[in-house]
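Here's a quick look at how the aromatic side chains pair up, and at a few charges that join them. Have the model open while you read.

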Amino acid sequence: MINLRLKNPPLAEQGQDMRGDHIHDFTAIENEVNRLAAEADALAVSITELWVSGTTYALDKLVISPITGRTYKRIIAGAGTTDPSADGTNWQLVNLGEFVAQDINTATAATPADAAKFGFWDSVTNAFRSITLANFKATLLTYFQTLFGHPSDNPWARMGECLFDQRYAGAAITITAGASAAKTIDGWRVSCTGANVTAQRAAGSGEFQKCLQVTGAASVTGITAMARCHGEDVARFLNLISTVGINISNSLLTTATWKISYANSLNNFGAVTQIATGSLTVGASDARYTFQVPANANVANGLQIEFSVGAQTSGTFKVTGLDQVPGAFGRPYPHLTKGKVRFLCQEVYEKSYDDEVVPGTSTQVGLVYAGGMTASAGEKSMRVSFKVTKRGTPTISLWDSIGNVGKISTFDLPAATVTHNVTPSGTVATSINSMSVYLSATTYSGMMFHWSADTEL
């Protein structure tokens with residue numbers, strides 16, 4: 001035991017004796033230091049004491065377990081025959097930090113679960129905190145994505161942000177209950193049961209300027225928004241786990257169901273096989289949701305994703321921001337410029353009209369012409385090259401200059417006479433790059449029309 005005595009007499013810098021003026025202070029200091037030294041000596045002795053079965057121990061007595069070599073404190077005074085390491089009722093483990101390195105070195109190797117926790121020192125709050133493995137991985141993923149972006153583009157980018165509605169230009173269209181899923185905005189189809197609904201491109205929120213909006217009605221029992229993706233674009237997910245991200249809001253219902261399937265043959269969705277399904281708890285405000293798709297050996301045939309709700313008897317169901325990425329984590333949506341999205345849309349559906357003009361509108365803007373034809377017998381033709389190579393041989397639709405479907409307009413010069421509602425003798429998509437229109441007549445010197453080329457899956 002230490003017996004501390006201050007220098008006698010304690011001297012000031014100039015040499016005078018200070019004990020006389022501060023005798024009580026110095027005595028108190030000596031007493032406190034010697035008391036603490038005595039406690040330290042006692043603690044050192046007690047820690048080295050091995051626990052003995054049957055011995056009576058006072059409250060707070062410290063012993064070392066012969067089994068684990070760890071230090072335990074008595075929390076209820078008394079005796080016992082159970083080693084402190086197995087007697088949590090009477091003993092409490094102390095000095096855990098001494099054995100962390102030992103535990104790490106001797107522990108059985110294992111892969112930590114996402115719920116596993118790790119400790120760290122929070123320099124902001126000056127406190128010891130914990131973080132789960134799942135949160136650590138998500139934080140690290142976000143950090144690297146911020147620095148470098150994600151290594152995979154979005155195979156659903158064409159319809160992901162709902163930017164284009166080439167067929168209806170944002171107008172609401174009626175979806176007939178019980179009918180096959182109808183084409184709506186670019187890349188999306190909608191079906192319903194129970195009663196008709198309306199679907200349209202509408203204003204989005206936040207980072208998404210547009211969305212697909214379906215408006216419910218009385219007696220509706222179900223609504224499904226569906227998108228399909230070419231096998232060539234999703235082959236990257238072959239035998240890999242992937243994560244789908246989607247923004248959803250619903251002003252009435254709180255549950256949306258997702259389902260993902262693969263086409264039974266390449267890019268042919270006449271028959272599909274379900275890969276996985278699940279549900280999401282959604283709200284009235286737009287929010288982002290993610291779900292994992294299990295590895296599958298047939299995804300290269302093409303994928304179909306459906307988002308469904310139940311009895312949407314009023315209010316709206318909105319989706320946007322569709323994305324899919326390899327791995328078990330989602331990501332911030334990888335936005336593209338509008339021009340790049342337009343290109344992707346025109347790979348599948350292209351028209352002569354401007355972006356925001358509905359096919360069948362009476363307009364000369366975008367009208368294609370062929371003149372200088374000899375007004376004589378024999379079939380004449382006009383060839384139109386597409387702006388963007390199509391994903392397959394397209395289905396061609398025609399309108400004359402005043403909007404009659406399946407018709408073209410002819411003109412005769414120099415008389416400057418125009419004839420509408422003329423039936424062509426043939427329309428052929430000659431390749432994925434062009435189409436030709438044929439007409440047999442002798443009283444015209446040119447033809448003009450609007451057109452669309454559709455290869456939607």
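How many aromatic pairs does the count come to? For this predicted model, the count comes to 8 aromatic pairs.

Take Phe 208 and Tyr 333 to begin with. Their ring centres are 5.2 Å apart and the planes make an angle of 75°, which is over 60, so the pair is edge-to-face. Phe 208 lies in the loop between β11 (197-203) and β12 (210-215), while Tyr 333 lies in the loop between β19 (316-326) and α6 (338-348), so this contact ties together parts that are 125 residues apart in sequence. Phe 208 is buried, at 2% relative accessible area, and Tyr 333 is buried too, at 7%.

Next up are Tyr 353 and Trp 399. Here the ring centres sit 5.9 Å apart with the planes at 75°, so this pair is also edge-to-face. Tyr 353 is in the loop between β20 (349-351) and β21 (368-370), and Trp 399 is in strand β23 (residues 395-399), so the pair links parts that are 46 residues apart in sequence. Tyr 353 counts as buried at 4% relative accessibility, and Trp 399 is buried at 10%.

Rings also gather in a group: Trp 188, Trp 258, Phe 291 and Phe 307 make up one aromatic cluster.

| Charged residue | Ring | Distance to ring centre |
|---|---|---|
| Arg 167 | Tyr 349 | 4.2 Å |
| Lys 338 | Phe 164 | 5.5 Å |

In the Lys 338 case, the charged end of the side chain is what sits over the Phe 164 ring.

Methods. Residues numbered from 1 in each chain as written. Predicted model: local features only at pLDDT ≥ 70, side-chain atom pairs only at ≥ 80, totals over all residues. Heavy atoms only, no water. Phe/Tyr/Trp six-rings, centres within 6.5 Å; stacked < 30°, edge-to-face > 60°. Helix = DSSP H or I, 4+ residues; strand = E, 2+ residues; numbered from the N terminus. Buried < 20%, exposed > 50% of the residue type's maximum accessible area, 1.4 Å probe, protein only. Lys NZ or Arg CZ within 6 Å of the ring centre and 35° of its normal.
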